[in-house]
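Biologist: Could you walk me through the aromatic side chains and the core of this protein?

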Amino acid sequence: MTEGYLIKDYHGPVKRYVQTMDLKDEPALIARYRRAHSKEEAWQEILDGIRQVGILEMEVYIIGCRLVMIVEAPIDFEWENAMTRLAKLPRQEEWETFVAQFQRCDPSATSDEKWQMMERIFHLYD
C-alpha cells in the first residue's frame with residue numbers, strides 16, 4: 001500500500017468528491033462487503049450505472065470499519081442530478097438493499113443519504 005495508487009489521466013481538470021461511511025464492526029460482514037466489491041463479484045449493472053450518470057472514476061478505501069469513497073467527475077457534473085438518476089437505474093435499489101446489511105446506517109436510506117460528503121480542510125494551495 002505504501003507504493004500508492006495510480007490515478008487516471010483525464011487530459012484536463014475534473015471534480016473530486018470524497019465521502020465516508022462506517023460498516024458494522026463485524027469482521028465476517030466486513031469480509032463479505034470486501035468480496036462484494038471485488039472485481040470478480042461486483043455487479044456489472046452497478047458499474048455500468050455509475051458510468052452512465054457521468055462518473056469517471058469511483059474508488060472505495062477501507063481502514064477498520066471506516067470507508068472513504070473518492071469520486072472523480074467532469075467539471076460540469078451535477079451531483080444531485082446524477083444521484084437521482086443513479087437511484088432509478090436497473091438493480092440499484094436491489095444493490096442498496098443488499099449492501100445495507102453491512103453498513104452502519106438506516107437500511108432504508110438511499111446511497112446518497114448513507115454516504116456523508118466530506119469537507120476538504122487542506123490542500124497544497126497551488
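Here are a few questions and answers on this predicted model.

Biologist: How are the rings of Phe77 and Trp79 arranged?

Modeller: Happy to start there. Their ring centres are 6.2 Å apart and the planes meet at 70°. Planes over 60 degrees apart count as edge-to-face. So the pair of Phe77 and Trp79 is edge-to-face.

Biologist: Is Phe102 buried or exposed?

Modeller: Phe102 pairs with Phe98, with centres 5.5 Å apart and planes at 80°, so those two rings are edge-to-face. Phe98 has 27% relative accessibility and therefore counts as partly exposed. For Phe102 the value is 1%, and the cut-off for buried is under 20%. Phe102 therefore counts as buried.

Biologist: Which residue has its charged end over the ring of Trp43?

Modeller: Trp43 belongs to one aromatic cluster with Tyr33, Trp95, Phe98 and Phe102. Over the Trp43 ring, 4.1 Å from its centre, sits the charged end of Arg91.

Biologist: Which residues have the most contacts inside the largest nonpolar core?

Modeller: That core has 27 residues. Helices H1 (27-36) and H2 (44-52) and strand E3 (66-73) are among the elements that each supply at least two of its residues. The residues with the most contacts inside the core are Tyr33, Ile55 and Phe77.

Biologist: What is Ile55 in contact with, leaving aside its neighbours within four places in sequence?

Modeller: Ile55 is one of the residues with the most contacts inside the core. With those sequence neighbours left out, the contacts of Ile55 are Ile50, Val71, Glu72, Phe77 and Met83.

Technical notes:
Residues numbered from 1 in each chain as written. Heavy atoms only, no water. Phe/Tyr/Trp six-rings, centres within 6.5 Å; stacked < 30°, edge-to-face > 60°. Buried < 20%, exposed > 50% of the residue type's maximum accessible area, 1.4 Å probe, protein only. Lys NZ or Arg CZ within 6 Å of the ring centre and 35° of its normal. Core = buried A, V, L, I, M, F, W, Y, C linked by side-chain atoms within 4.5 Å. Helix = DSSP H or I, 4+ residues; strand = E, 2+ residues; numbered from the N terminus. Contact = heavy atoms within 4.5 Å.
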